[in-house]
Amino acid sequence: MLSVREVTTAYQGLVAISAISIEVQKGEIVCVAGANGAGKSTLLKSIAGAERPRSGTVTFDGKRLDGMAQHHITATGIAYVPENRRLFPRLSVRDNLRLGSYLYRGDANREGPLDLVFQLFPRLAERLEQRAETLSGGEQQMLAIGRALMTRPRLLMLDEPSQGIMPKLVDEIFQAVKRIRDAGMTVLIVEQRMAECLEIADRAYILQTGRVLMQGPAAEIRGNPDVRKAYLGL
Amino acid sequence: QTSEVVIGVIYPFSGGSAQQGVDAQKAYETALEVINKDTDFDLPLAKGEGLPGLGGAKVRLVFADHQADPQKGRAEAERLITQEKVSAIIGTYQSAVAVTVSQICERYQVPFVSADNSSPSLHRRGLKYYFRAAPHDEMYSAAMFDFFDAMKKKGTKIETLSLFHEDTIFGTDSGNAQAKIAGERAYKIVTDIKYRANSPSLSAEVQQLKSANADVLMPSSYTTDGILLVKTMAELGYKPNAIVAQDAGFSEKALYDAVGDKLEGVISRGTFSLDLAQKRPMVGKINEMFKTRSGKDFNDLTSRQFMGLIILADAISRAKSTDGEKIRDALAATDIPGEQTIMPWKRVKFDEMGQNNDADPVLLQYIGGKFVTIFPPQAAIAEAVWPMK
Amino acid sequence: MTALLETRGVWQRFGGLVANSDVSISVGRGEIVGLIGPNGAGKSTLFNLIAGVLPPTQGSILFDGEDVTHMPAAERCQRGVGRTFQVVKSFETMTVIDNVIVGALVRNTVMREARRKAHEVLEFTGLAARADVLASDLVPAEKRRLEVARALATEPKLLLLDEVLTGLTPTEAQTGVALVRKVRDAGITVLMVEHVMEIVMPLVDRAIVLDLGKVLVEGKPADVVRDPKVISAYLGDRHAQRA
Amino acid sequence: MDKDFAARRRRDLIIAAVLAAIAAATPLFVKDVVVQNILILTLMYAGLSQSWNILSGYCGQISLGHALYFGLGAYTTELLFTKFGVLPWFGMLAGGVVSALIAMGLGYPFFRLRGHYFVIATIVIAEIGLLLFHNWEWAGAAMGITIPIRGDSWLKFQFLRTKLPYFYFALALCCLAWFVTWWLENSKWGFWWRAVKDNPDAAESLGVDVFNSKMGAAAVSAFLVAVGGSFYAQFVSYIDPESVMGFQFSLLMALPAVLGGIGTLWGPVLGAAILIPLTELTRFKFGGSGRGVDLIVYGTLIVLISLALPRGLLSLFSRRKKTGAAR
Amino acid sequence: MTAQAIIQSLASGLLMGLLYGLIAVGLALIFGLMDVTNFAHGEFLMIAMYLSFFLFAFFAIDPLLSAPLVAAALFIFGAVVYLLIVRFAMRAKANAGMVQIFTTFGLAIVMRGLAQFFFTPDYRSIPHSWLGGKTISVAGIFLPEPQLVGALVSILAFAGLYFFIHRTDFGRALEATREDPGAVALVGIDKNRVFAFGWGLGAALVGLAGAIMASFFYIYPDVGASFALIAYVTVALGGFGSVFGAFAGGIIVGLVEATTALVLPPSLKSVGIYAVYLLVVFIRPRGLFGSI
Ligand SMILES: Nc1ncnc2c1ncn2[C@@H]1O[C@H](COP(=O)(O)OP(=O)(O)OP(=O)(O)O)[C@@H](O)[C@H]1O
Ligand SMILES: Nc1ncnc2c1ncn2[C@@H]1O[C@H](COP(=O)(O)OP(=O)(O)OP(=O)(O)O)[C@@H](O)[C@H]1O
Ligand SMILES: CC(C)C[C@H](N)C(=O)O
Ligand SMILES: [Mg+2]
Ligand SMILES: [Mg+2]
């Protein structure tokens, strides 16, 4: 479904990822892990069009994405929840969610995914009129995912969704991710909480200093002794 | 022998009063044509080409933009003198700029002709190189009151006045002069409104004028405010008995194009009148020359600018030199009879402060789309229509 | 000796929403205390009240034996309250070292001293290599470390850490844990908010659990994680199994 | 690292000294008064902009009302001189003090405002000042004040025959403003200001007295600008409200810093060195046409420079990558 | 002063206030809602007035009729200005605020220069427009028709803008883009389209104001300067981010101006406006109804 080939992205000449290739199949949950600064976020940004790759190709369902404007990429069915969430701080929760369905204005069923969102994150339903900036950190993360779901993505990309989330909810979020997949979406997720993430993931990639260090089925990665030592802290 | 004499012309060529600068440019170019070409007018330098005193040397003008800023005026004057080597400077429309330009001229001993500044304080600063052939606001205002006195003698009721003047140097000076003379001659000022130039609205001001409803409304306003004033008066249903304006906006074509129909019978002071052409045909011809350049008739400002340059060039010619001091002396010795001007003046002769006290102002009334001279009697060609309309 | 920090019946309301209700906690000198609780429980709000961003709607705050309830934030910093922000607030157009110098200036009026102190703190926090980089060019994890460094530079008695160890791989987190210990060993009391139990629980001496703005449970970490109230409100069943 | 830093500071100081020395020597070669005039204005605006930069560039409180302080400096000096015979040197000091006090007085209400609300408040207060002076008869109202010419004298700081004293004063002012900036930049205040600009909340949490930082910056900035205003009044020897308190001054003070590099040590000087001669030359060259060409050229340049170099011209010179350019 | 005169003053002030509101409504969108500084607002107005003038001078179309044309032309102009200039000013990472101030300020200078170049600095006006100089008198209170129509258009423009911002997706998209232009792509919004449309709409509203103004005001290259500061104060007084605020701001400015002129010398009447602005923001640092 998504295929990233030999993508290199740099910031002002500083190469952050170099010649990375990854694949995501429809219906999969793919986990990307790696140390700080390994280039995980950069990879997602390069796919979402937030950064322009210097070379390499990104194709999504046979469509070339690299070089496409970011909002067009969203329209092709990729939703991206960045690390810092990028909510609209002074708009209400409701407006943030409504904006998620901007692409479907005029559509009678535009608020369709809202049920799923409230089902996943009932807290949001209680906070509809509150400004996004006054939400607690965890609530903000929920809203960011909720907003992304409103764009009815076929591929959902999450950058460290568990960051700042209470343990109970971390599990819920991972469960939610599973349910999101079960609702027909594909998920590409960057996580530091590898243990939890690998539990739900089908496959995983491990990045190191801008390159793919390791890849394979989640279970395999989880069993790898190096990984256990270096990333799972076991 | 010099083949060319350079004169600096400093005006606002950009900003809010750029129009005056551009009009002035046309007036000076007209004067230049009269000076440099052989024309058949009874004006100094008209006959023959160039300046006879300097072997027919031609005059060249250098224009500079002061943007209504005294500091820039100063810098431009200095540049014209030191780099363009001008022999004299003429300008400046805004009196505030004339202050600094004349100071620089004084310091470089280059004559400055204040062609169209009307602030009375200008010539009272003890400057040796300052000359003004035209009247200043006190003279103008005095003429207005002379006119009121004359009208009163004829039985017209003129007791109360409303002053309406803008808040820059021109309006303030004019308002002060009028208030002073009104006091001396026992006219009652019922309202004295100083307003902010280029205000977006004059409703409140006009409302006060209307409440006061004086016998005469005396505005001192530039074109923009003049237009707005007249429109606002119409909108608020204020029809004054008479308007006697301190020139400026009220001698501008733009104002009459905009609101002329509401101004039948308005009186403005001035120092020029086109109807002088009836007595002095060359006035009409020179006006035509100006009109082909600018598309406008001479008005109070452009006529003064034209005349100023003629007077200055004449002095240079008589000085037979481009030396500042010699030109200054020649200017001081100027004595041009009124008939050899396009103005209704008695003559051009400067007092020791550089002011020509024989520049008689006139009062003009706007009748049937034209200005006719109504005062003083010797210049008048018609009786004043009072009240207006 | 009295507690370093004490809050007495502190309330904070935002319109109809009660973010803190009747919170009374105390933190002793030299402790590392974990403040945990569900998202939106009011932890960051309590930090804001302690640091003096806003006065509590009701209640009082004592620091180092002094009532600081209405003292402005800057003065509290001078008294020894250092804090980090959950949503990082770096001085983006300044370099890392300059960011830290701002903090160091609280106790060092001589520039040279402040600069030396700042370098020392950067060494201590492992940011020395990034000293001359603009704060805006740091990655999120580094920015959080900068928050800590800046706060440390003020030489606080009490350091409030709001989720500074978030987004680290477990290995990296261990470095962070070591850093917090070092901080405590340097004599600084730490009150920290963190959601990653694997990190906090081994680290803290005592844990306070906030829920819906109220103190739910307080005690030794081992006891707290077993508390059914905490499990149901915060940790979730899975954690219960693991714990 | 520390050595680098100290070396950079020293380098700045040496460059400044060399530049000042070169500037001081220019009158030996430049006899043309027009060029001298441009140099004086350039130095004056460099100094003014440097001073503006303290409040707006370093401390981040964007003021478009500094004409108020400029005008207050000019008026205080000349009112004291013409009404009470106080020598301009004392007037200058008095003007600076008055402006600084007013700036601090205004600080109480103003520094609670953020963003556009603050900017508009500064514009509006300067406009109020302008209108009040316009209507204040004792201060000459619209007529302004003509400084009586009493012949060349250092005592009265008045020179007709030569521009050199003005030149050196402008140079001194520029150097002073630069040096004050240089000095404060590496002081508690300099750090506080930049912290306040970037993030007042964080600054507060680090013990920065946000309010007083702003007050300090405002006072220093207003004082220096007022001294510039005094100088300008003496230099032009005529002032009226419009020509010393008009909005254009507020912009002209900001412009060099913005074009050169706002919040930097060298930005204002660099900006003024380019902008002022450019302004003068475009007016010389195109101003007399009456067709607005000078405006078109000038405006286009401002647009282009702002767009092409948002960090100012200085960013052209800094070879260091973005990472180091913060100073 | 008679009661009637006072009522007249207030009535004039109210009408004038609505007119200020009309001039400010475009700014309320660009500066207030989109949070982009536009120092060329007065010059937009000037261009609109010239357009009306030339449509009248060459085709004898009354400004009232040409208003839609002018608005349409200004829409294109505004969008183009955004796409060609402002877009790049907003991209600046460093001190974006100053970059915006000075690019639009430079643009204002260029526009004045171009107007002078092409239209000459002459003062123009439309002598006999349908509205110009006409007035209705009710019980001795004069209500000038241009201002009445201006007031009506002002109310409609504000109502329309209010509806647009609060009831359409576009309005929400606009707010979102203002909040974080880098984030709207996450929900599939093209920020440049939104902002270009916003600028176009803002300029079109100024176009309406210009057309109304042209029927009774004088026109010259610097005419915008007279209105610019009042428009900024109007928007800020009402509070950034609030359409209603700008509307209320206009009315307050008009009334304050009229009442100040009753107690102070008229040359100080804008001091009243400025003082009220300062007073309001001291009490409410975000203006009367502002949200940002
Ligand atoms: N905006 C930026 N400007 C300059 N360099 C950047 C920028 N963003 C990232 N980098 C650099 O690119 C490299 C990869 O960063 P990236 O954010 O992709 O890492 P990451 O794996 O997501 O790390 P983390 O776990 O901290 O989120 C890092 O070395 C970082 O310094
Ligand atoms: N300024 C504010 N206005 C309105 N509500 C607020 C404000 N600040 C916080 N809140 C609300 O108060 C509650 C507590 O927020 P707080 O940030 O303290 O939570 P927290 O415990 O730190 O959560 P997290 O772990 O997710 O960071 C939340 O529901 C939040 O929405
Ligand atoms: C009416 C004008 C002739 C007056 C001139 N603008 C001046 O300021 O002196
Ligand atoms: Mg990342
Ligand atoms: Mg929190």
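Okay, let's start with ligand 1, which lies between chains A and C. Before I go on, this is a predicted model, where local features need pLDDT of at least 70, side-chain atom pairs count only at pLDDT 80 or more, and totals for chains, interfaces and linings use all residues. Residues are numbered from 1 along each chain as its sequence is written, chains are lettered from A and ligands numbered from 1 in the order in which they are written, and side-chain values use heavy atoms, with hydrogens and water left out.

So, what surrounds ligand 1? There are 14 residues around it, and the closest are A:Asn36, A:Gly37, A:Ser41, A:Thr42 and A:Glu83; a residue is in if one of its heavy atoms lies within 4 Å. By class, that shell has five nonpolar, six polar and three charged residues. For the classes, Ala, Val, Leu, Ile, Met, Phe, Trp, Tyr, Cys and Pro are nonpolar, Asp, Glu, Lys and Arg are charged, and the others, Gly among them, are polar. Helix 1 of chain A, residues 40-48, gives the most to the shell, with three residues (helices are DSSP runs of H or I, at least four residues, and strands are E, at least two, numbered from the N terminus).

Now the polar contacts, meaning N or O pairs within 3.5 Å. The side chain of A:Ser41 puts an N or O atom 2.5 Å from an oxygen of ligand 1. For A:Gln192, a polar side-chain atom is 3.1 Å from a ligand oxygen, and for A:Glu160 that distance is 3.4 Å. The protein covers 82% of the 630 Å² of accessible area that ligand 1 has on its own, using Shrake-Rupley with a 1.4 Å probe.

On to ligand 2, which also sits between chains A and C. Which residues are closest here? Out of 22 surrounding residues, they are A:Gln130, A:Thr134, C:Asn39, C:Ser44 and C:Thr45. The shell splits into six nonpolar, 12 polar and four charged.

Here we've got backbone contacts to ligand oxygens: a polar backbone atom of C:Gly40 at 2.8 Å, a backbone N or O of C:Ala41 at 3.2 Å, and one of C:Gly42 at 2.8 Å. Ligand 2 has 640 Å² of accessible area on its own, and the protein covers 86% of that. As for elements giving two or more residues to this shell, those are helix 6 (137-150) of chain A, plus strand 2 (17-23) and helix 1 (43-51) of chain C.

That's both ligands, thanks.

Definitions and conventions:
Polar contact = N/O pair within 3.5 Å; in protein donor to acceptor, adjacent residues only side chain to side chain.
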